[in-house]
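Please keep the viewer open as you read.

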Amino acid sequence: MKFPAGIIVCAHEKGWMNESGTIEWLEKVWNKRPGALFKKPAILVWDMFRAHKTDEVKNVAKNMKTTLAVIPEGLTSVLQPLDVCLNKPFKDRLSKMWSEWMCSGMAKLTKGGNLMKPEISLVTQWIKDAWVSIPSAIIEKSFRKCCISSALDGSEDDAMFDDDMTEADDEK
């Protein structure tokens, strides 16, 4: 099956994530980020999921010159940039593409009259298009809002309390 450039599809046969899936993600996705080829030091912020904290995952990350920062339990909704600022606009865009597909006449029905699912290649294209359409300013602000910043002078420390982190403000 052909997927859009830049899209990597992997799945566990039972549909869950584990240590080997985490390592696979580190190798296939994280290790392809800008700067990874030159082993540029980086920080990876993620939640307390048990597969994120195994010795093997820590070793793989260390070999990639990646420092792991684990968000304490119960604080993901406050300190995880995806949860704080990015998931909603991303899902809104994805939902819009789904709705447009449904209304376009491209959606087909089974013999029993049920809706057929869209091809996985189309869904992955929607995912790519939805992500690419998120302005980089929103992504940057999401990190500042979660107090993940390279401003060591403390100048961005109050960003967590800013309510102006909406997409509408950034697109003006």
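Residues are numbered from 1 along each chain as its sequence is written, and side-chain values use heavy atoms, with hydrogens and water left out.

The pLDDT is the predictor's confidence in each residue, from 0 to 100. The protein chain has an average of 88, and 90% of the residues score at least 70. Among the elements of the chain, helix 2 (residues 55–63) has the highest mean pLDDT, 97, while helix 7 (residues 167–170) has the lowest, 48. Helices (H or I, at least four residues) and strands (E, at least two) are DSSP runs, numbered from the N terminus. For residues 166–170 the pLDDT is below 50, and this stretch has seven contacts in the model beyond near neighbours in sequence; a contact means heavy atoms within 4.5 Å. Where pLDDT is low, the predicted coordinates should not be read in detail.

Which residues make up the largest nonpolar core? The ten are Cys85, Leu86, Phe90, Met97, Trp101, Ala107, Trp126, Ala130, Ile134 and Ile138. A nonpolar core is a set of buried Ala, Val, Leu, Ile, Met, Phe, Trp, Tyr and Cys residues joined through side-chain atoms within 4.5 Å. Buried means under 20% relative accessible area, exposed over 50%, and partly exposed in between (1.4 Å probe, protein chains only).

## Helix 1 and its cover

In helix 1, the buried residues are Gly21, Thr22, Ile23 and Leu26. Strand 1 (42–46) and helix 2 are included in what covers them.

## Salt bridges

How many salt bridges does the structure hold? There are three, a salt bridge being a side-chain nitrogen of Lys or Arg within 4 Å of a carboxyl oxygen of Asp or Glu. Side chains of opposite charge can pair when their charged atoms come close.

| Salt bridge | Distance, N to O |
|---|---|
| Glu24 and Lys28 | 3.0 Å |
| Lys88 and Asp92 | 2.7 Å |
| Lys96 and Glu100 | 3.4 Å |

Glu24 and Lys28 both lie in helix 1, four residues apart, about one turn of the helix. Lys88 and Asp92 are separated by about one helical turn because they are four residues apart in helix 4. Lys96 and Glu100 are likewise about one helical turn apart, because four residues separate them in helix 4.

As for accessibility, Glu24 is partly exposed at 31%, and Lys28 is partly exposed at 38%. Lys88 has 58% relative accessibility, so it counts as exposed, whereas Asp92 is partly exposed at 41%. Lys96 is exposed at 53%, and Glu100 is partly exposed at 44%.

Ile8, Met17, Trp25 and Val29 make a nonpolar surface patch of about 320 Å². Patches are made of residues with over 30% relative accessible area and no salt bridge, where like charges are joined within 9 Å and nonpolar side chains (Val, Leu, Ile, Met, Phe, Trp, Tyr) within 5 Å. Ile8 lies in the segment before helix 1 (19–28) and counts as partly exposed because its relative accessibility is 46%.

## Two positive phi angles

Most residues other than glycine have a negative phi, and most peptide bonds are trans. Lys39, which is not a glycine, has a positive phi of about 55°. Lys39 sits in the loop between helix 1 and strand 1 and is partly exposed at 39%.

Cys147 also has a positive phi, near 60°, in a residue other than glycine. The place of Cys147 is the loop between helix 6 (136–145) and helix 7, and at 41% relative accessibility Cys147 counts as partly exposed. Cys147 and Asp158 are eleven residues apart in sequence, and their C-alpha atoms are 8.1 Å apart in space.

Technical notes:
Predicted model: local features only at pLDDT ≥ 70, side-chain atom pairs only at ≥ 80, totals over all residues. Areas by Shrake-Rupley, 256 points an atom, 1.4 Å probe, with all protein chains shown as cover.
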